[in-house]
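Open the model in your viewer and keep the sequence panel beside it. This tour goes from single residues to the whole chain.

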Amino acid sequence: MGKYVVKRLGIALITIWLVATLTFFLMNLVPGGPFLSEKAVSPKALAALEEKYGLDKPLSEQYVTYIKGAVQFDFGDSLKQRGRTVASIITSKFPVSARIGGLAVLIAFCIGVPLGCVSALHRGKVVDNVIIVLATCGIAVPSFVICTLLMYFFGMRLGWLPTLGLGTWKHFIMPITALAFYPTAYITRLMRSSMLDVLGQDYMRTARAKGLNQFVRLFKHALRNAILPVVTYMGPLLAYTVTGSFIVEKIFNIPGLGREFISSITNRDYTVIMGTTIFLATLMVLMNVVVDIVYKLVDPRIKLK
């Protein structure tokens, strides 16, 4: 187990380094520059700005400096938000996205898993058909459509919920619902498919033949095996969602990391783009490592090598 964890962490570090390297060089290949949108920038002022942020140095030297800083969670200063570092922007915006995303993932898991089980146990019946239709709609409908419908009905027509910002607990309801809608539907479909496969196994038929009641068969024998695909999906889902859905945060005007990332692209704030991308990639990779380890806890039969 220990050797496997060390091996996975080593692979994770290599993956993060590759992402950081690709992000750095791809950003430098983008035509134009971060200061070209500034009005009336003289060549002398442009040279001074490039010198201040180290953009006048050779690309190889910039790369080494950037990687050394990234290892220490220092992605440099923002090119557009003067006086602010990329690390301070991430640390101030990420908790907002994490709070909303974490609650959305928790709700999606708590609703999707039971719905998938119920659908599998009532295969071909009315309950199953209703759940399948709802899950299919949840997967097919884009998040911005869900946001628009929620804002129109609950914000404008009924006036029950506020539509912008995060002032009170009511402000969290619509963004969390919009974020949780797709993963709930996907987990439901995933859980249903996996549960149907498990229910058809020989050991489940043996459990029925032994006279075990349905509750014991479902939660003691079937659920631990059927939930493995969901655990696999939860890793990258959690990393992506807690970093903030770009569209949802933009629509509801939530001051999270997702909205900051969109603004940095619009403003050509290269350091913020690179820092946020590396931060998201690191979360994704680490969540996958955690999922691999959790596998062993969920199903002891899995051998980690």
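Select G116 and look at the helix around it: this is α4, residues 86–121. The model is predicted, so treat each stop as a computed picture. Is G116 buried or exposed? G116 has a relative accessible area of 0%. It counts as buried because that value is under the 20% cut-off.

Now show what surrounds G116. Leave out neighbours within four places in sequence, and G116 is in contact with T188, M191 and R192. A135 is 19 residues from G116 along the chain, and their C-alpha atoms are separated by 9.5 Å.

Next, jump to S264. S264 sits in helix α12, which covers residues 257–266. S264 is buried, with a relative accessible area of 3%. Display its side chain and the backbone of F261. A polar atom of the S264 side chain lies 2.6 Å from the backbone oxygen of F261. Then look further along the sequence. Not counting residues up to four places away, S264 touches D269, V272 and I273.

Time for the rings. Select F24, F25, Y63, Y66, F73, F75, F94 and F279 together. Ring pairs link these residues into a cluster. In the structure as a whole, there are 12 aromatic pairs.

Now move to the second largest pocket. Its space is about 310 Å³. Which residues lie closest to its centre? Select I16, A70, V71, I278 and T282: of the 15 lining residues, these are the closest to the centre. Colour three helices next. α1 (2–29), α3 (59–71) and α13 (270–298) each give two or more residues to the lining. The largest share comes from α13, with 5 residues. Colour the lining by class as well. The lining has 13 nonpolar and 2 polar residues, and no charged ones.

Finally, zoom out and switch to a cartoon view. How many helices and strands does the protein have? The count is 13 helices and 0 strands. Walk along the sequence and the pattern reads α-α-α-α-α-α-α-α-α-α-α-α-α. Colour by burial: of the 305 residues, 40% count as buried. Residues 24 or more positions apart account for 74% of them.

Conventions:
Residues are numbered from 1 along each chain as its sequence is written. This is a predicted model: local features need pLDDT of at least 70, side-chain atom pairs count only at pLDDT 80 or more; totals for chains, interfaces and linings use all residues. Side-chain values use heavy atoms; hydrogens and water are left out. On a 1 Å grid over the protein atoms alone, a cavity is a set of points where a 1.4 Å probe fits but cannot get out, and a pocket is an open set with protein on both sides within 12 Å along at least five of seven lines; lining residues have an atom within 4 Å of a point. Grid points are joined across faces, edges and corners, and a volume is the space filled by probe spheres set on the points. Helices (H or I, at least four residues) and strands (E, at least two) are DSSP runs, numbered from the N terminus. Ala, Val, Leu, Ile, Met, Phe, Trp, Tyr, Cys and Pro count as nonpolar, Asp, Glu, Lys and Arg as charged, and the others, Gly among them, as polar. Rings of Phe, Tyr and Trp (its six-membered ring) pair if their centres lie within 6.5 Å; planes under 30 degrees apart count as stacked, over 60 as edge-to-face and the rest as tilted. Buried means under 20% relative accessible area, exposed over 50%, partly exposed in between (1.4 Å probe, protein chains only). Contact means heavy atoms within 4.5 Å. A polar contact is a pair of N or O atoms within 3.5 Å; within protein, one must be able to donate a hydrogen and the other to accept it, and residues adjacent in sequence count only if both atoms are side-chain atoms.
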